[in-house]
Structures are given as C-alpha cells and as structure tokens.
Amino acid sequence: MPTMNIIQAVNDALRIEMKRDPRVVILGEDVGKFGGVFRATAGLFEEFGDKRVIDTPLAEGGIIGAAIGMALYGLRPVPEIQFSDFIFPAFDQIVNELAKYRYRSGGQYPAPVVIRTPVGGGIKGGHYHSQSPESLFIHTAGLVVVCPSNPIDAKGLLLSAIRGEDPVLFMEPKRVYRAAKGDVPEGDYTIPIGKAKIVREGDQVTVIAWGAMLHEAMEACEQAAAQGLRPELIDLRTLWPVDIDALVTSVKKTGRCVIVHEAPRTCGFGGELSSLIQERCFVHLEAPIRRVTGWDTPFPYTLENEYLPRAPRILKAMQETTAYEA
Amino acid sequence: MPDTHAQSKAAARRQKSAEPDDLISVLGPDNRKDAPTDLSPDELTKIYAMMVENRLVDERMITLQRQGRIGFYIGSVGEEAAILGAALALRPQDWFFPCYRENGVALMRGLSLRNYFDNMVGNGEDPVKGRQMPNHIAWRPANYASVSSPIGTQYTQAMGAAWAAKLKGDDVVAMSFIGEGGTSSNEFHVAMNFAAVMKAPVVFMCRNNQWAISTPLSRQTASETFAVKAMAYGMPGIRVDGNDLLAVHRVAKEACLRARNGEGPTFIEAVTYRVLGHSTSDDPKVYRPDEEVEPWRKKDPIERMRIYLDARGLWDAKQEKKLREDLDVRIRETFAAAEAAQGPTIESMFEEVYARPFWNLDEQRAEAESFGTAPKH
Ligand SMILES: Cc1ncc(C[n+]2csc(CCOP(=O)(O)OP(=O)(O)O)c2C)c(N)n1
C-alpha cells in the first residue's frame with residue numbers, strides 16, 4: 001500500500017472516479033494546469049483534458065451556480081473552493097439553491113454536487129485563510145458535511161461523496177494536508193458517509209474531534225493515558241449526518257465527554273453535539289459536557305496557536321471532566 | 001474651483017474620444033524626455049524614489065519570507081507605476097480602498113516603514129495588532145481602508161464611501177484597486193453598476209497584470225479589453241499603459257477631476273504584468289512560460305522612469321546609487337527594530353471584536369490567559 005498524504009489521497013480518489021464515471025467534472029480557480037493552489041488536482045488536467053478539469057473565472061457564485069446547473073443536467077461536478085473562507089460569495093447558491101433543490105422541486109431535481117474546500121487554521125493564514133465554517137452548513141437542511149482527518153478516510157469518503165445522491169460539503173483540513181500520512185489502499189474503496197470511527201478505546205471519558213483537531217486530541221489522549229487516564233477518542237469523519245449511535249454508545253459507557261473543534265464556540269457544532277448527547281445520555285452523565293474550541297473572535301494571525309484548541313487545553317478539560325464529582 | 005472644472009471638461013472630451021481599446025501612453029516606448037506632465041521636477045523625483053523604495057521593500061520582504069522571518073508576502077514588482085501613479089492623483093482628504101498589492105500607497109500617504117514592517121512580523125505595534133496576515137494593513141490617518149483578501153469587496157465599499165461623501169456634500173473622491181481577475185467577481189459588477197447609477201465620485205482602478213494566480217486573463221473575460229466593460233455600465237472606460245507612471249497619473253487625475261465635478265465614476269484599466277509569482281506561496285514556472293515574462297522585464301516601470309528623469313537631467317547615477325544605499329540601510333535597520341518588538345498580548349486577541357467585550361469574551365480571555373503563550377508548531 002502506498003504511503004500518501006491527504007492531498008495525494010484526494011487526488012487519487014478524483015482520478016479513480018473520473019476514470020470510472022465520465023460524468024465527473026472538476027471546476028474551480030486554478031484547478032487545471034496549475035493543479036490547484038494546494039496541488040490536489042495536479043495531473044488531472046493533463047490526463048482528462050480541459051472539458052473535465054476546468055479553470056473558471058474568479059467567482060465562487062459562478063462556480064457553484066454552474067455546478068448546480070451541470071448536476072441538474074446530469075453531470076457529477078466536483079467544484080473546488082480555493083479556501084473555505086472564500087465560499088461566501090457562493091453562500092446563496094449553496095444555502096438557498098443547492099441544499100434545497102431536491103426538496104423544493106418535489107424530488108424531481110436532485111443536485112449531487114460535491115464541493116471540496118480546504119478548511120482550518122494553523123498555517124499562518126490570518127482570518128481569511130483559516131476559518132472553519134462547518135456549522136453554517138450543517139445548519140442548512142439538505143447538505144451533507146464531511147471532514148476527514150487522514151488520507152485513508154479522505155479517499156474513501158470522497159469516493160462515497162461523489163457516488164452519493166446528495167450535495168456534499170467536503171472539508172479538507174489544510175493544516176494536516178501534508179503532515180497526515182497513511183498507508184492508503186490502492187484502487188477503489190469507499191468509506192461510508194455517516195459513520196464515525198473510534199480511534200482509541202477507553203472507558204473514562206469520550207473525546208470527540210475531527211479534521212486537524214483530531215490530531216491535537218490524539219496528542220492530548222496520549223498524554224492523558226500516560227497519566228493513567230483511559231480516554232476514548234472518536235473521529236466523527238462525517239459531521240452531518242452525525243453518527244449518533246457511536247456517540248451515545250460511547251458516552252453511555254464513559255459518562256463524560258469533551259468535544260473539540262477549532263471553529264468559534266458560540267453556535268459551533270460542539271453545542272449541537274452536546275445537546276444531542278445530553279438528550280440521550282442524561283442519566284449516564286457524570287459531569288457536564290465540555291467544549292474545547294476556538295474563541296469567539298475572528299481567527300487571528302500572530303496568536304493562532306493561542307486561538308486553536310491545542311493539546312494542553314484539551315488535556316486540561318479531560319482532567320477536569322474526569323475529576324468532576326457532582 | 002473654475003480651473004478644475006475646465007480641466008475636467010477637457011478631460012471628459014478626451015475621454016469621450018478615447019476608444020476603450022486605445023492604450024494611452026505618455027512616456028511612449030522610448031521614454032522620451034519631452035513627455036508632457038504636470039508633475040514638477042520635485043514631484044517627479046519624489047515619486048521615483050517612492051517607486052524604488054516600494055521595489056526594494058518588496059525584494060527584501062520576499063527574501064525574509066524565504067528565510068522564514070515573515071510568514072507571507074505579496075508584492076507589486078512591475079506594477080509600481082500603475083499603483084503609485086494613480087494614488088499620486090489623490091489629495092489627503094480622499095479615500096483609498098486597496099486590493100492587496102497597494103501597500104506602497106499607504107507608505108506614500110504617510111504610514112511609517114516601521115509600522116509597515118510591524119505588520120509584516122505581526123507584532124504588538126502593528127497598526128492592525130497582529131491580527132491579519134502581512135500586507136493586510138489598514139491606516140485610518142491616511143483614509144486607507146482595511147485590506148481584505150476576499151476578492152472584489154473593496155470596490156463596492158469604495159463606491160459606498162464616495163457616495164456618502166457626495167450625500168454629505170464633501171469634496172472627497174474614493175479610489176479603489178482590483179486585479180483583472182477580480183473583474184469576474186460579483187462585487188465588481190455591483191460596484192460598477194451602483195457607482196454609475198448614483199454618480200458616485202469614485203475612481204475604479206484595475207491592475208490588469210494578466211494573471212490571477214495561474215489563471216490567464218483569457219479565462220476572466222471574452223471582451224477585447226477590460227476597459228470596454230465600463231461603457232455598458234455607463235461610465236468612461238480608459239485603458240492606459242500601466243508601466244508608464246506619467247500616463248497613469250494623467251488619466252487618474254482626470255478621473256478624479258470628473259468625480260469632483262459631479263460627473264461620476266471612471267474605470268481605468270492599467271495594462272501591466274505580474275513579473276513574479278502571485279505571492280510567496282506559488283512558483284509561476286509551473287503554469288506559465290518564462291519567455292512570456294522576459295519582454296515585460298524590459299518594460300520595467302521604474303527603469304522607464306529612470307531613463308526619462310535621466311534624459312531630463314533630473315536624475316543621475318550618483319543619485320541612484322545613494323538612494324538605493326540609503327534605502328537598503330533604512331530597510332534593514334527598520335525591519336530589525338520591528339522584528340525585535342514584542343508580540344501582541346493574548347488580551348488583545350479579545351479586544352475590538354465588539355466595541356466592548358461581551359461576557360463570553362471576558363470568560364474566554366481569562367481561560368486563554370491561564371494557558372499563556374502556546375508552544376509553536
Ligand atoms: C473571493 C475570493 N476567491 C478566491 C480568492 C483566492 N485568490 C487570492 S488572489 C487570487 C487571484 C486574484 O487575481 P487578480 O484579481 O487578477 O489580482 P492579482 O493578484 O493578479 O493582482 C485568488 C483567486 C480570494 N482571495 N477571494
């Protein structure tokens with residue numbers, strides 16, 4: 001099995017699906033000859049030509065609007081938004097159009113568009129190259145939202161997403177684009193949408209994370225284990241529909257829960273997860289559910305490491321949660 | 001101001017007769033010494049020195065980025081005439097809404113080099129408090145609005161500021177810059193349309209440097225020129241040699257006069273070239289042939305000005321050498337001081353999200369401070 005990073009795994013998935021399904025087209029800014037600013041589409045223009053790997057004018061609303069039209073007409077567009085911070089000129093097309101097309105047309109027009117976009121901070125990108133806008137899209141009925149943390153999941157989830165019938169926001173954690181490596185199975189395989197993964201088993205506290213923060217949480221769990229704690233770490237992989245069974249099973253076992261995400265706390269996905277869990281696990285909970293998140297500020301430049309929920313903050317929350325006695 | 005009005009009428013006549021696909025040039029291909037300009041010898045040598053400063057700062061910052069001493073840099077090498085020439089037409093009370101390559105305008109309008117470098121390192125003395133990436137400055141004393149990465153947003157805001165000045169009856173013009181890639185954005189269309197409908201006193205500059213990261217201009221428009229677009233919105237569209245400072249200054253000044261006389265917006269396409277990569281993040285060799293770049297190096301706007309000034313007897317090799325040496329020392333010393341300054345405090349991260357922090361920010365600030373400064377990755 002070849003060792004790949006997330007960029008290579010995404011590239012591999014796109015190549016496999018473009019070979020398998022002639023309806024798949026890629027469109028976006030700089031995705032063609034250049035192969036994308038992060039090189040995720042490198043080589044595809046050469047291999048599949050300019051009718052299937054398309055450099056567009058600089059307009060995200062245009063990219064997503066076009067992708068919707070293409071999907072209605074029968075193609076399988078996989079548009080790229082260069083940074084998720086630049087998705088907002090397309091917000092109307094995504095929220096009012098793409099997400100609701102199937103529903104509002106009485107089921108006549110599904111719009112299977114998979115929007116790939118790098119998310120998250122930790123790359124010295126300031127607030128226009130670092131944001132994590134997942135909750136805006138999870139809140140939008142009609143969208144599937146995915147965020148892998150490693151190359152194996154990235155490839156399998158992207159293949160599932162493109163083969164699915166729903167529009168998907170496929171968020172790629174750019175901070176670990178190259179750093180997260182793994183032995184990625186060759187050829188075709190899928191990882192189901194909607195299934196979380198238990199990364200580390202334990203019975204004392206459930207830690208929930210995804211994307212780049214999964215790696216911070218892993219570090220914190222290792223430190224906690226060295227101190228004798230027994231954390232269970234769950235990688236959500238799909239944010240919506242969230243794998244509620246996996247969460248409930250784990251929290252019923254541990255009775256304690258720490259949720260980690262780098263988006264701001266207020267109205268972040270952690271708030272929703274916390275509600276979902278306490279509604280189902282109330283009598284099993286032995287401590288308040290804790291959120292370790294980005295602060296309620298714009299994403300800063302110099303102080304990004306103080307903004308991000310790094311391992312020490314996660315560890316402290318785990319310690320306090322496990323020590324908590326009502 | 002009657003003379004202003006007469007000048008503006010003349011400008012409007014000239015602009016009417018100029019077809020949007022004419023390329024206005026003043027220096028001409030030989031940078032001739034009798035090129036007409038209303039800039040005084042003193043103004044000419046000053047703006048030349050600003051261009052050189054802009055260039056040397058860019059070159060130094062790119063080197064420092066490679067050394068890992070700053071996180072990112074986006075410069076304006078080869079586009080100095082298009083940027084500084086236009087902004088030279090502004091008065092102190094006018095407003096400027098930059099794209100992200102116009103930092104030289106902030107320096108020209110009084111931002112200190114030290115503060116510019118403070119922004120490069122994102123220290124506590126940075127005018128934007130280390131909150132934004134390098135090159136994303138804001139400088140209110142010069143009516144220099146905040147640089148934003150999202151393409152095109154500044155155009156609409158410039159229109160709004162100009163419109164406000166008009167509503168209040170102030171003698172103020174707003175100028176904004178966009179790249180030719182940005183003309184594909186929603187914001188470009190909206191700004192142009194509103195400005196023309198409202199007759200807002202705004203000067204829309206477009207640096208047509210022919211590349212938007214790896215995307216060539218042929219992927220942005222099927223129009224013959226960008227200037228021609230202005231006609232459809234109902235405003236003059238001017239196409240100017242963007243590597244000719246005298247020409248850019250002339251058309252920008254005429255556009256400012258039109259704006260001040262209630263004649264509304266002007267769109268100016270400055271034809272230039274992005275001789276380097278988009279920023280320190282890309283290698284242009286991957287997507288464009290070097291042969292395309294070479295002819296543009298020969299049309300370097302600074303070199304063209306130097307030849308012109310030299311021919312007029314306003315500049316010589318000795319002055320050139322001294323200027324560059326002085327700048328080199330000033331840039332090094334100033335950067336070293338910025339680099340040595342303290343970073344922003346954790347507390348500052350929570351300030352100015354709102355006029356006053358709300359309870360959640362107070363709570364979170366206390367939590368963040370309890371962890372202190374994080375280990376770097
Ligand atoms: C809305 C938005 N989409 C994408 C980007 C990413 N991006 C940054 S610069 C750039 C190209 C801009 O080209 P152009 O407008 O021609 O200006 P230039 O950089 O050539 O001066 C792109 C696509 C962005 N900043 N904002």
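**Sheets, ligand site and backbone geometry**

User: How many bridges join strand S3 (residues 202-208) to strand S7 (residues 266-271) in chain B?
Analyst: This is a predicted model, in which local features need pLDDT of at least 70 and side-chain atom pairs count only at pLDDT 80 or more, while totals for chains, interfaces and linings use all residues. Residues are numbered from 1 along each chain as its sequence is written, chains are lettered from A and ligands numbered from 1 in the order in which they are written, and side-chain values use heavy atoms, leaving out hydrogens and water. Strands S3 and S7 of chain B run parallel; strands (E, at least two residues) and helices (H or I, at least four) are DSSP runs numbered from the N terminus. The number of bridges joining S3 to S7 in chain B is 6.

User: Which residue of S7(B) is the bridge partner of B:Asn208?
Analyst: Two strands pair if DSSP finds at least two bridges between them. For B:Asn208, the bridge partner in S7(B) is B:Val271.

User: Which strands of chain B stand at the edges, each with a single partner strand?
Analyst: The open sheet has 5 strands in the order S1-S2-S3-S7-S6 (chain B), with parallel pairing. One side of each edge strand is left without a neighbour in the sheet because each has a single partner. On average, neighbouring strands here are turned by 20° against each other, direction ignored; axes are lines fitted to C-alpha atoms, for helices over the stretch in contact, and angles run from 0 to 180 degrees between N-to-C directions. The edge strands of chain B are S1 (95-97) and S6 (237-241).

User: Between which chains does the ligand lie?
Analyst: The shell around the ligand, by class, holds 8 nonpolar, 7 polar and 5 charged residues; Ala, Val, Leu, Ile, Met, Phe, Trp, Tyr, Cys and Pro count as nonpolar, Asp, Glu, Lys and Arg as charged, and the others, Gly among them, as polar. Of the 20 residues around the ligand, those coming nearest include A:Glu60 and B:Arg101, a residue being near if one of its heavy atoms lies within 4 Å. The ligand lies between chains A and B.

User: What is the omega of the peptide bond from A:Trp240 to A:Pro241 near?
Analyst: Most peptide bonds are trans. The bond from A:Trp240 to A:Pro241 is cis, and A:Pro241 is found in the loop between strand S12 (238-240) and helix H9 (244-254) of chain A. Omega of this bond is near 5°.
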